[in-house]
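Here are my notes for you to read alongside the structure. Keep the model open and find each residue as you go.

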Amino acid sequence: MIIEIITTGDEVLTGFTVDTNASWLSMQLLEKGWQVRRRQTVGDRMDDLTDVLHERSLIADVIIFNGGLGPTSDDKTTDAVAQVTGAPLELNSDWLANMEKKFTARGRVMPVSNRKQAMLPQGATVLDNPIGTACGFKLQINKAICYFTPGVPNEFKQMVQQQIIPDLQQKYPSGAAVVRRYFTFGISESALSDQLDPLTWPEHIELGYRSSMPTIEMKLISQHGDADFATAEKQLLSVITPYLVATDTLDMPAKLAELLPGSLEILEGSTCGELLTQLAPAIPQLCADYHQHLPDSADELLQHIQHHSRLTLAVGTAKDQQYPIALWNGLHGWAQTLHIRTLDVSLQHRIVAFAAQDMLRRYLLEQPVLGEYQTLQRTESAHRP
């Protein structure tokens, strides 16, 4: 099945509005086993709209068209559909009454321009919009089943989840695509590529990378959910396991909250509360304190916290882009000083906060507490057995 997404609007095409709808929709469909084949953005020129709709409807099986259903003159999607199909626009009296009811409930009279939103191509099936005034609609155009949706994100997402995906599931009960995500820390995208790209991957398996500091997200995508996927995953893990911090979803604070047996104490020096900000919403049994004058070396920081009776995670004072981090469990302790190469101070803080959480994650999973890092230089380490 070929699924394509077409987004319309000069504001999207020029970059004034970021198209988050298309990326969200691609992920929603992929979770159901359908991988989007193509995404396009087109402006508000009628010729461009009709050209892309005609061309892609001859190729795709499903098109989800987003935007251009508003009441103003630059909302041309419905008129473009009428031109491509030759179907006249007809007043949908049910949707007109729905809009009028919404305006009445708000204590307003419906503007005449909104009547345009009830004019739909002959033969179209209405997609309900319980939030806004722009209904969506579904129509077969050439080869493609086409869904036309409003651009307002909350209206669009509700329409997709409650109507479009269920409708697709009736027509295409099982998507064949399988996707799994892997998150690594402490290794660069280029270093991963150097090791992984020369390997031979099973047919129909795609390997993808996405840098999202401080982690690199990797994806394995298979168009056929078969044994080849397990083979590909085994090969991938043989390379990335030393740097792997999560699979499928990355939520380090939630993972730590799940693993923690009791309370956790945080001492944070030079990261401006970044570690506390990330952990506090997920870990209610958190005791935290800001210390302006914590030690600036790993060994001294570990000495500073080793009198604590409960699990303690500390980030010391930075010096020349070097941050000490220490973990103490009441009996044993580990510490390291990491040199963060970036000059972006806020990014330094995010990286250090993640490295501290990684130390805690490793400890709670009974792994070596000090991880292997290529992108971070460990200048000092300490251990209290």
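1. Let's begin with a loop. Asn 142 sits in the loop between β7 (136–141) and β8 (144–149). Keep in mind as you look around that this is a predicted model. The phi angle of Asn 142 is near 50°, a positive value in a residue other than glycine. Why point that out? Most residues other than glycine have a negative phi. As for accessibility, Asn 142 comes out at 43%, so it counts as partly exposed, since that class covers values between 20% and 50%.

2. Now go to Asp 248, in the loop between β12 (244–247) and α9 (252–259). Its phi is positive too, near 70°, and Asp 248 is again a residue other than glycine. Is Asp 248 buried, exposed or partly exposed? With a relative accessible area of 34%, Asp 248 is partly exposed.

3. Here's another backbone detail to look up. The peptide bond joining Met 213 and Pro 214 is cis, with omega at about 15°. For background, most peptide bonds are trans. You'll find Pro 214 in the loop between β10 (205–212) and β11 (215–222).

4. Next, a pair of helices. Helix α2 (residues 20–31) and helix α6 (residues 153–171) have axes that come within 11 Å and cross at roughly 25°. How are α2 and α6 oriented to each other? They are roughly parallel, because angles under 35 degrees fall in that class. The crossing of the two is right-handed.

5. Zoom in on where those helices meet. On the α2 side, look for Asn 21, Trp 24, Leu 25, Gln 28 and Leu 29. Their partners in α6 are Pro 153, Phe 156, Lys 157, Val 160, Gln 161, Ile 165 and Leu 168. Sorted by type, the residues of this contact between α2 and α6 are eight nonpolar, three polar and one charged.

6. Leu 49 belongs to helix α3 (residues 46–57). Is Leu 49 buried or exposed? Its relative accessibility is 1%, so Leu 49 counts as buried, the cut-off being under 20%. Leaving aside neighbours within four places in sequence, the residues in contact with Leu 49 are Thr 8, Val 42, Gly 43, Asp 44, Phe 65, Lys 76 and Ala 80.

7. Thr 337 is a strand residue, placed in β17 (residues 333–339). At 2% relative accessibility, Thr 337 counts as buried. A polar atom of the Thr 337 side chain lies 3.3 Å from the backbone nitrogen of Ala 298. Not counting residues up to four places away in sequence, Thr 337 touches Ser 297, Ala 298, Gln 322, Tyr 323, Pro 324, Gln 377, Arg 378, Thr 379 and Glu 380.

8. Last stop: Ser 190, in helix α7 (residues 189–196). Its relative accessible area is 49%, so Ser 190 is partly exposed; a residue has to be over 50% to be called exposed. How far apart are the C-alpha atoms of Ser 190 and Gly 70? They are separated by 44 Å, with the two residues 120 apart along the chain.

Key: Residues numbered from 1 in each chain as written. Predicted model: local features only at pLDDT ≥ 70, side-chain atom pairs only at ≥ 80, totals over all residues. Heavy atoms only, no water. Helix = DSSP H or I, 4+ residues; strand = E, 2+ residues; numbered from the N terminus. Buried < 20%, exposed > 50% of the residue type's maximum accessible area, 1.4 Å probe, protein only. Contact = heavy atoms within 4.5 Å. Polar contact = N/O pair within 3.5 Å; in protein donor to acceptor, adjacent residues only side chain to side chain. Axes fitted to C-alpha atoms, helices over the stretch in contact; angles between N-to-C directions. Parallel < 35°, antiparallel > 145°, perpendicular 65-115°, else oblique. Left-handed = near helix turned anticlockwise from the far one by under 90°. Nonpolar A, V, L, I, M, F, W, Y, C, P; charged D, E, K, R; others polar.
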